[in-house]
Amino acid sequence: MPNATQTYRLRAAASGREALAPVNEHGVYIDRETGEEMQPVTRTLPLAPSASALLRTPENLRACERCDQLIGIDVSDCPYCGLRQRPIAGSR
Ligand SMILES: [Zn+2]
């Protein structure tokens, strides 16, 4: 399984508590505090396999139009290729 160590966002249905954890296909995830079973709801970036374990949330990122690297939405110049980023649509 290439995604054996993919990190997922987990959510406990009853309490709505969330956690981030590496998930494998057959695991069961229990909230340490409440004992509730937690279900994986979404994968986090970067998608496995990746050299980086840094957690980034998709809603705070966009892809640079030139180099396709993921950068923060609040960054005005791409840190990878230097391309000036457009204002975010709908932000004004
Ligand atoms: Zn770029």
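A: In sequence, the residues that donate to the zinc ion follow the spacing C-x2-C-x10-C-x2-C. Cys64 sits in the loop between β5 (61–63) and β6, while Cys81 sits in the segment after β6, so this pair ties together parts that are 17 residues apart in sequence. All of this refers to a predicted model.

The protein donors are the SG atoms of Cys64, Cys67, Cys78 and Cys81, at 2.2 to 2.3 Å from the zinc ion. The angles among the four donor atoms run from 104 to 115 degrees, and the site is tetrahedral. A site with four donors counts as tetrahedral when all angles lie between 85 and 135 degrees, so the range of 104 to 115 degrees meets that condition.

Cys81, at 26%, counts as partly exposed. The cut-off for buried is under 20%.

Next comes a residue that touches part of the site. Gln85 is in the segment after β6 (70–72). Among the residues Gln85 touches are Cys64 and Cys78, which are both donors of the zinc ion. Gln85 has a relative accessible area of 12%, so it is buried. The side chain of Gln85 also reaches the backbone oxygen of Leu83, at 3.0 Å.

The loop between β5 and β6 also holds Asp68. Phi of Asp68 is near 70 degrees, which is a positive value in a residue other than glycine. Most residues other than glycine have a negative phi. Asp68 counts as exposed, at 59% relative accessibility.

For context, here is the rest of the chain. The protein chain has zero helices and six strands, and from the N terminus on the elements run β-β-β-β-β-β. Of the 92 residues in the chain, 23% are buried. Among contacts with a separation of 6 or more, 29% are between residues 24 or more positions apart.

Another part of the chain holds the largest pocket, with a volume of about 220 Å³. Its lining consists of Leu10, Arg17, Glu18, Ala19, Leu20, Ala21, Tyr29, Ile30, Asp31, Arg32, Glu33 and Met38. The elements that give two or more residues to this lining are β2 (18–22) and β3 (29–30). The largest share, four residues, comes from β2.

Ser15 lies in the loop between β1 (7–12) and β2, and at 39% relative accessibility it counts as partly exposed. A polar atom of the Ser15 side chain lies 3.3 Å from the backbone nitrogen of Arg17. The side chain of Ser15 also makes a polar contact with the side chain of Glu36, at 2.6 Å. Ser15 and Met38 are 23 residues apart in sequence, and their C-alpha atoms are 9.9 Å apart in space.

Key:
Residues numbered from 1 in each chain as written. Predicted model: local features only at pLDDT ≥ 70, side-chain atom pairs only at ≥ 80, totals over all residues. Heavy atoms only, no water. Buried < 20%, exposed > 50% of the residue type's maximum accessible area, 1.4 Å probe, protein only. Polar contact = N/O pair within 3.5 Å; in protein donor to acceptor, adjacent residues only side chain to side chain. Contact = heavy atoms within 4.5 Å. Donors = N, O, S within 2.8 Å, 3.2 Å for Na, K, Ca; no water. Tetrahedral: all angles 85-135°; square planar, octahedral: opposite > 155°, others 65-115°. 1 Å grid on protein atoms, 1.4 Å probe; cavity = no way out; pocket = protein on both sides within 12 Å on 5 of 7 lines; lining within 4 Å. Points joined across faces, edges and corners; volume = space filled by probe spheres on them. Lists of a residue's contacts leave out its neighbours within four places in sequence.
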